[in-house]
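Subject: The structure we talked about

Hello,

Here is the structure I promised to pass on to you. Please open it beside this email, and then read through my notes on what turned up.

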Amino acid sequence: MNAVVKELEEFRTEVASWLQANKPADPGFLLPQSFMEVGSDEQLDFLREWQHKVWNAGYLGMAWPREYGGQEVDPLYQSIADQEMRRQAVPICFNVIGLGWAGPLINDIGTEEEKARYLKGILSAEDIWCQGFSEPDHGSDLGNARTRAERDGEHYRINGTKIWTTLGNYAKYMILLARTNPEAQRKYDGLSFFLAPMDVDGVDTRPIRKLTGEYGFTETFFTDARIPADCLMGEEGEGWKIAMKTLQYERGAEAGAAGGLAFVRIVIDDLLKELSTVKRAGKALTQDPLMRDQLVQLIMEEKAISLGDKRAAIPALTNDFPFALPLSHKLRWTEYTRRMRQFAINAQGGDGALYVGDERARAGGFWQRAYLNSFSATIGGGTSQIQANIVAEHVLGLPK
Amino acid sequence: MNAVVKELEEFRTEVASWLQANKPADPGFLLPQSFMEVGSDEQLDFLREWQHKVWNAGYLGMAWPREYGGQEVDPLYQSIADQEMRRQAVPICFNVIGLGWAGPLINDIGTEEEKARYLKGILSAEDIWCQGFSEPDHGSDLGNARTRAERDGEHYRINGTKIWTTLGNYAKYMILLARTNPEAQRKYDGLSFFLAPMDVDGVDTRPIRKLTGEYGFTETFFTDARIPADCLMGEEGEGWKIAMKTLQYERGAEAGAAGGLAFVRIVIDDLLKELSTVKRAGKALTQDPLMRDQLVQLIMEEKAISLGDKRAAIPALTNDFPFALPLSHKLRWTEYTRRMRQFAINAQGGDGALYVGDERARAGGFWQRAYLNSFSATIGGGTSQIQANIVAEHVLGLPK
Amino acid sequence: MSVLGNTAINFDDEQAMLLEYATNFCDAIGVGEIRARLEEPQPYPADTWQQIVELGWPGIGIPEELGGSGIGISAAVPVIESMGKVLLGTPLMSSLLTAQLVLRADREAGESLVAAIAGGSIGTVAALESEDWATSAIAARVDANGQLSGAKRFVANGLAAQWIIAVVTDEHGNLALAVIDASGVPATNYRELSLIDLTQRAVDMSLDGLTATQVLRGPAVEVALRDYRLLGALFVAADATGAAASCLRIVVDYLTTRKQFDKLIGSYQALKHPSVEILNQVESSRSFIYHAATLVDAETLDRQAEVACRMAKAKATDTLAFAGDRAVQFHGGMGFTWDCDAQLYIRHAQWAQQQFGDAQHHRQALAPLLLDD
Amino acid sequence: MSVLGNTAINFDDEQAMLLEYATNFCDAIGVGEIRARLEEPQPYPADTWQQIVELGWPGIGIPEELGGSGIGISAAVPVIESMGKVLLGTPLMSSLLTAQLVLRADREAGESLVAAIAGGSIGTVAALESEDWATSAIAARVDANGQLSGAKRFVANGLAAQWIIAVVTDEHGNLALAVIDASGVPATNYRELSLIDLTQRAVDMSLDGLTATQVLRGPAVEVALRDYRLLGALFVAADATGAAASCLRIVVDYLTTRKQFDKLIGSYQALKHPSVEILNQVESSRSFIYHAATLVDAETLDRQAEVACRMAKAKATDTLAFAGDRAVQFHGGMGFTWDCDAQLYIRHAQWAQQQFGDAQHHRQALAPLLLDD
């Protein structure tokens, strides 16, 4: 084993034991399955404390510069820390728009001043960030954003409405996509990108209740809200380009994200564990031949996706359609997840009709809530229908 | 039981015993499963003789006028005769374009001269008819037909190509949709309808081999073919309207068709019978729990369609979407049929890989051939994809 | 004889009038009134039950001499389908099933109870003891003095019911039905459930310390329970068919009004064709429930009726599950909100799937009926 | 430990070169050459087998000292996948499996036979006796003198094979492998099959009157047969994956060139989205076959290798069946003709599904491996 590998393995052991020792106990209230579900103050306080603790221990933003709260080590360390957090199923690091979108962006193209002002607060969870891209009338159609930003001396005056603002009611800053030039020839060229403060007059948020019954998103209304002109990132008209840039950080620490878990990963092993105690016709459910066949199909589907992730790294085995595996991943994983969770409810028999809040609901209604939440992934970030178009056009070359 | 019902029941008994006595023996060669599969002279001769015999016995064209070969009785009699032919699985009455398209049309809107010239030959099977609607470049897009018909004194001069001409190489007449006015404002208004003879110079047919390996269709080429001007049906420019009219006769004898079986109906009972002798892992296939579940699903699907046919006749139970059942019938039945036949092959185990011509193929390769043939129904007469559009737009009112 | 068996659907003018009346009655209430009461103790308007009683619907399937309507139980199908359309979660289904169970188990002994139900008293059946609706094992007991013990789960409308019929085994180990007067049940015996479907109400219930006011016994109990389960399956199928039809309506409404990329989204085949699939499944479900309705008025349900009830349940609740799931998805971001009605249907679907056994369970029960001789 | 188990895919430069070479070799032949020979005795060009022998492919998985290539049997996967792409139905798969079966059953006794196969002699295995590929019962017999009796079905490339290994039971009732020299078999013992897939050849075969040149016995026979079946499943999966990828190509070609209603038909989501579904299934199949290839070079196949081979077969042949079916449908009228290549794939799919057990069979075998401890 060479020295680097050895050091990484030692690091893994170190993180693992730290997590073991510091993983918080069940707080007695519902914890979010993703950063899109923080709906109460107690949830927020809990998650803020946890993220702060992870950062303090040195396991968040590890590849970011030292002076801004990072440690300037190789992103591999962060990836290992993330893996261990997933393995031990610790709570999420909830400030995801900061950690995974705004932060890496500022690191990449921000000014020194911007870095100094924003980065450390993102990691420490002191400054919560939200995202202002989608608008009520143009769900999947970002290029059509209508929210206006008009230059007015040393300020921009913002008017319009954003929707699906995660943590909108808690956020200090928003990454905001707004139209500075409604007359631009290409609609994309009229958009600009702002690091906008939320605590100014004229910004109001209305919590959106989700189909789960929980909160976590807001609608955000701008009514002549004035934000300082230096909130503009890059130049006017570069908004679309910068917004698209934020999407690349999804690929994790290697791509610049600060790390931490953004959501609770639910896999087939969780399902099998849950169903091991369910009875059907007096026998173990997992002995029913039809159930077995469906479980085998689910296992195969999840395994195929895992294997695909491995194969994607082997050019000789991906030259048919080189972009097939990466571009179809979201579609495949989120649709699989939705079906797997739906199956998990059905398979519970009578218990499947229970919900969060029932003391006898299996795993506290985990699966029911997870199924309903699964639509945030099959709808958000481009619906499955749009994902299928993307794969058809960009992988298979089918016409628009 | 009232007199009419009694008479109908007696008629049913009469047909049934006639069929029993006259049903032809297995000729020792492959018989067509539909009129789209007559590919050899021996098949043609056999079917011609059978249709003639049925007509001679008085069980074909029963509702058509006496002077043209019919018997002028209520169409109910023909429906009963058709039901009995289906029940006893006798051979098809193969002259389907004559019996179910051209004939009823001529009966409906033809001149006395046309009736006298064409109708009896259709019933007796002396005159075989074919259909010239589709063209190679516009499969589903009939309104774009390009075959030209130019008036030239007492003739029309025809140029162009038709495809999917069933019985094209045997037919004496074609119902032909051709463009008489390429300048018409609406493309539909430029089309005219002809009862065209096939035995004129400049008409050539090329047999099309189907994916089953058999023949049954031709491509038909018109090169300055001259047909008498009185072949025009109705007026110039009425072609589209008349062509659409022919579609209504599909609904059977009550709608004007002459009757007889157009295709061999394959139902779930046939499948169950076939599979009753298949073994899997040493036991009866029909005892395998996964097979059983799939069979139950197929039975339910066929039963749902049957029940739908019954419910369609009860206005109080169809007022939600009154056209749902009739307009979706083709889509549902043909897609069900395709899947059921595919299942039938799979379920045979090793025998599923055999084909027509193998002495040990189950039922002579019936199911394999039937599966491949099923695409004639999911593609022909508007593909399933187009059928789904029709249902979406005309039943649910979704936009084009 | 074809494996399709009986394929009759009969629906006379009287039934057509009832369907029309029930549709109008439920539409007049509307989903909005239900939505406003999701988090209240009673998930439907205060006067609705009284109106239902005045319409005589709790008397469906009960002979006139017992205060019933004198019409067959099949009449419940159009009524329940109409209620399903607006997710009207009244105890009607529970009451009707209670009366059927008692009538079939021991008509004579059950007369006064059935008459009370026909008159509007709410009844329910406590049958299940675990999440396993496919088991036939019953652990709850009644002793020779009518003393009850054990626990029941998923008792529909348990808090609203005046009469609860608990399925128990008696001192000889035979199946029996214990009639419980709810007025004598301490509140602590109930535990109200948090259901995923907020239009429904149910409890878990301890029988310990309770005494039956009456115990119905005898060989008819087992057949009565079988019929109860089959009729329950049919009723939930009818409800789910109505709900799925409404769900399709809201999808179609959205697809014909919402634009994306400057086109009405209903013009995209990715939404259009699955909507046709929902339609076709709703149409199948509807055919199955009215076919079953055609066959269930006999004194005990025969094999064809059993096949029909099971097919109805197997098809209708899968249909609703598919419709609800697609309704959320096709509403995009809106679909992910509490305010979008799609959530009502997707939640109702999870509930409906679990009442009287899921689709797979009924298909497994159909297999021997259809495939073995 | 996750139920997903081992998820490794290893593919080194040598394997990559082999894949590239095999792809080019097969593409140079092309589907057109196969189509021209569908109704001839040999469904591939006259010199193809000799070229394959010169490339040393029949020696894959055979030790160098027996004249083999010395590389692991996993190398067959890229070769067979490439052949599947152009439906090249040579006896390579039969020969490779024959050698594997003999090597694993009794390497010492089988040496000369294996060496012959490595050198280009064609071998095949006669295992099945009925349509039921899931049974383990063997009725064919060998007596103490090597006299054979019984009948075998679906023997791949039976007429082309010089060596036929019949699976039999010996005079003690134990499984044994009878080696038959085809040069001594009367033509009347064979009956050539009419297969739905005209790119393949197979026979039914009577063993009556034949004498084994050699009989392999012993406890290793049973394990060898199990490995033979698993490797056979993997090879057919590799072939089906290649075929499905080609099938997707012809669909994409048609969708990007054919117009209907003045639009390229590939712009319709009704065709576009199912094409993506085919793609995703092909990608899964490919991941499974190369994952299995990563695990099969051990001396006997372990549990993880078994899981991998079965998953590969379960996925790949269903994928091809779906791709072939949709390819015919999406070609519209053209798809219904003999001249459209879609027919080649839909027919190949029916054949592939039945080789070494269908998808459901392998899922049923996977269930205990994955779900029971």
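Let me begin with a question: is B:Gln131 buried or exposed? Keep in mind as you look that this is a predicted model. A residue counts as buried if 20 or more other C-beta atoms lie within 10 Å of its own, and as exposed if there are 12 or fewer. B:Gln131 has 24 other C-beta atoms within 10 Å, so B:Gln131 is buried.

You will find B:Gln131 in strand S1 of chain B, which covers residues 129-132. Setting aside neighbours within four places in sequence, the contacts of B:Gln131 are B:Ile97, B:Trp101, B:Thr165, B:Thr166, B:Met174 and B:Ile175.

Staying in chain B, have a look at its paired strands. Strand S3 (residues 155-166) and strand S7 (residues 217-228) of chain B run antiparallel and are joined by nine bridges. One pair to pick out is B:Lys162 with its bridge partner B:Thr220 in S7(B). S7(B) is also joined to strand S6 (residues 203-208) of chain B, by six bridges, and these two run antiparallel. Here B:Val203 has B:Phe222 of S7(B) as its bridge partner.

Chain C has a sheet to show you too. Three of its strands form an open sheet in the order S4-S8-S7, with antiparallel pairing. S4(C) and strand S8 (residues 202-206) of chain C pair over four bridges in the antiparallel sense, and C:Ala156 stands opposite C:Ala202 in S8(C).

Now for a pair of helices. Two packed helices are described by the angle between their axes and the distance between the axes. For H7(C) and helix H10 (residues 359-371) of chain C, the angle is about 150 degrees and the axes are 8 Å apart. Angles over 145 degrees count as roughly antiparallel, and that makes H7(C) roughly antiparallel to H10(C). Their crossing is left-handed. Among the residues that make the contact are C:Arg303, C:Glu306 and C:Val307 of H7(C), and C:His362, C:Arg363 and C:Leu366 of H10(C). By class, the residues of this contact are seven nonpolar, two polar and six charged.

Chains C and A also meet. Their contact takes 37 residues from chain C and 40 residues from chain A. Which element gives the most to the side of chain C that touches chain A? That is H9(C), with five residues. This side of chain C has 15 nonpolar, 14 polar and eight charged residues.

Last, turn to chain D. Helix H3 (residues 76-85) of chain D is mostly covered, with ten of its ten residues buried. The covering of those residues includes helix H1 (13-35), helix H4 (92-118), helix H5 (220-255) and helix H6 (269-295) of chain D. After H3(D) comes D:Leu87, whose phi is positive, near 60 degrees.

Enjoy exploring!

Best wishes

How values were computed
Residues are numbered from 1 along each chain as its sequence is written. Chains are lettered from A and ligands numbered from 1 in the order in which they are written. This is a predicted model: local features need pLDDT of at least 70, side-chain atom pairs count only at pLDDT 80 or more; totals for chains, interfaces and linings use all residues. Two residues are in contact if their C-beta atoms, placed from the backbone, lie within 7 Å. Ala, Val, Leu, Ile, Met, Phe, Trp, Tyr, Cys and Pro count as nonpolar, Asp, Glu, Lys and Arg as charged, and the others, Gly among them, as polar. Axes are lines fitted to C-alpha atoms, for helices over the stretch in contact, and angles run from 0 to 180 degrees between N-to-C directions. Angles under 35 degrees count as roughly parallel, over 145 as roughly antiparallel, 65 to 115 as roughly perpendicular and the rest as oblique. A crossing is left-handed if the near helix is turned anticlockwise from the far one by less than a right angle, and right-handed if clockwise. Two strands pair if DSSP finds at least two bridges between them.
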